[in-house]
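Subject: Structure for you to look at, with notes

Dear colleague,

Here is the structure I said I would pass on to you. My notes on what was found in it follow below, arranged by topic.

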Amino acid sequence: MRTIGVLLLPGTRAFDLGVIAEVWAQDRSESGIGPFTVRLCGAGRRRTPLSPFGEVTPTHGLTGLDGCDLVLAPGRDDPHAPVPPAASAALHRVHRSGATVAGLCSGAFTLAAAGLLDGRPATTHWWDLDALAVAAPRAELQRDVLYTECDGVLTSAGVVGGLDLCLHLVRRDHGAHVAAKLARRLVMPPAREGGQRQYVENPLPAAPARPGLSSTMDWALTRLAEEIGVADLCGHAGMSERTFHREFAAATGVTPGRWLRVQRVRLAQRLLETTELPVERVAQRSGLGTAANLRRRLRAEVGVGPDSYRRTFRSAPGGVTVGVWPSTSTSS
């Protein structure tokens, strides 16, 4: 992806626009991506009011979306605000031409108006999920995820979920190594899964029943190649399995077993990208045991096997990952 189109509509959220700018409009050459061409596209190139304040002048009209590799629809202050038919037609047209189209937060409503969510999974901020179910009755609503992806159409949960989606796109098209470097630059976790819960009642308990959850996670990350499981995590934390499950899920939004599996897959991805180790050795060093298990887990998480993944995300000299994600990819 080299040319990024941003659809500007009245009431576009300044935060979402800022997220897009941080990922694609800044000089990120030190992270191994870019430079990108970013087109701000609005009807008639008229100045567009932002929410909660400010305005922006488009660089292109709606036809500027044509020819973009990625088109982003930021959220709006009023997700129920009408979407001009010309904007809906433009989104539908660019998607049919092969562009990836993504809606950040309430930008899902913009995609719904264009009919792009019909028959596809979709999400938005948890506050607006019921409204999205009405706006897109044919969508497969995902109520408890950070982002969705299907057939080149993506949606994200509220606010920071848009940044998760953007990093997912960077990872998808430029590799985990590049996404991790960019995440460090943005001072955020390199990858929160699309399937992770977007809303947790008590995400960071103020006074955990017992200390040591973070240290246990750090301990596990240095021992992924070993045969450690959830029981070992509980033992290191000094908690009963029931207490550990409860506190871990409250803090991370996923179960300990799920977290451990994903960390091993992430390690396998890094090894496939940055080493020439045989698949069997990658499986052993990532704690997945056998090549067959690695293939099964990698396909379940990212939709492709290790050989295809390595070809796609092979590392060039200097550690810059090259290649693009297969067009048939699915959400991780």
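**Salt bridges**

The side chains of Arg93 and Asp66 form a salt bridge, with N and O 2.9 Å apart; the term is used here for a side-chain nitrogen of Lys or Arg within 4 Å of a carboxyl oxygen of Asp or Glu. Before going further, please keep in mind that this is a predicted model, in which local features need pLDDT of at least 70 and side-chain atom pairs count only at pLDDT 80 or more, while totals for chains, interfaces and linings use all residues. Residues are numbered from 1 along each chain as its sequence is written, and side-chain values use heavy atoms, with hydrogens and water left out.

Helices (H or I, at least four residues) and strands (E, at least two) are DSSP runs, numbered from the N terminus. Arg93 is partly exposed at 37% relative accessibility, and Asp66 is likewise partly exposed, with a relative accessible area of 30%. In these notes, buried means under 20% relative accessible area, exposed means over 50%, and partly exposed is what lies in between, with a 1.4 Å probe and protein chains only.

By the salt-bridge rule the count comes to nine. Another of them joins Asp151 to Arg120, whose closest N and O atoms are 3.5 Å apart. Asp151 lies in the loop between strand E10 (147-150) and strand E11 (153-156), and Arg120 in the loop between helix H3 (107-113) and strand E8 (121-122), so this pair ties together parts that are 31 residues apart in sequence. Arg120 is buried, with a relative accessible area of 15%. There is also a network, in which salt bridges that share partners join Glu149, Arg172 and Asp173.

What does Asp16 pair with in a salt bridge? The partner is Arg13, at 3.7 Å from N to O. Arg13 counts as partly exposed at 24% relative accessibility, whereas Asp16 is buried at 1%. Asp16 has its place in helix H1, and, not counting residues up to four places away in sequence, it touches Pro74, Gly75, Leu104 and Cys105, where contact means heavy atoms within 4.5 Å.

Helix H1 (residues 14-25) spans only 15 Å between its end C-alpha atoms, while a straight helix of twelve residues would span 16 Å at 1.5 Å a residue; the expected span is 1.5 Å times one less than the number of residues. The buried residues of H1 include Asp16, Leu17, Val19, Ile20, Val23 and Trp24. They cover an arc of only 155° around the axis, which puts them on the same side of H1; the arc is that of the directions from the helix axis to the C-beta atoms.

**Strand pairing**

Strand E2 (residues 12-13) and strand E4 (residues 48-51) pair in the parallel sense over two bridges, two strands being paired if DSSP finds at least two bridges between them. The hairpin of E4 and E5 has three residues between the strands, and in it Gly54 takes a positive phi near 95°.

**Aromatic pairs**

Rings of Phe, Tyr and Trp (its six-membered ring) pair if their centres lie within 6.5 Å, and planes under 30 degrees apart count as stacked, over 60 as edge-to-face and the rest as tilted. By this rule the count comes to three aromatic pairs. The rings of Trp126 and Trp127 have their centres 5.7 Å apart and their planes at 75°, so the pair is edge-to-face. Trp126 is partly exposed, with a relative accessible area of 34%, whereas Trp127 is exposed, at 66%.

The rings of Phe248 and Trp259 have their centres 5.7 Å apart and their planes at 65°, so this pair is edge-to-face. It links distant parts of the chain, with Phe248 in helix H9 (residues 241-252) and Trp259 in helix H10 (residues 256-274), eleven residues apart. Phe248 counts as buried at 1% relative accessibility, and Trp259 counts as buried at 9%. Phe244, Phe248 and Trp259 form one aromatic cluster.

With kind regards
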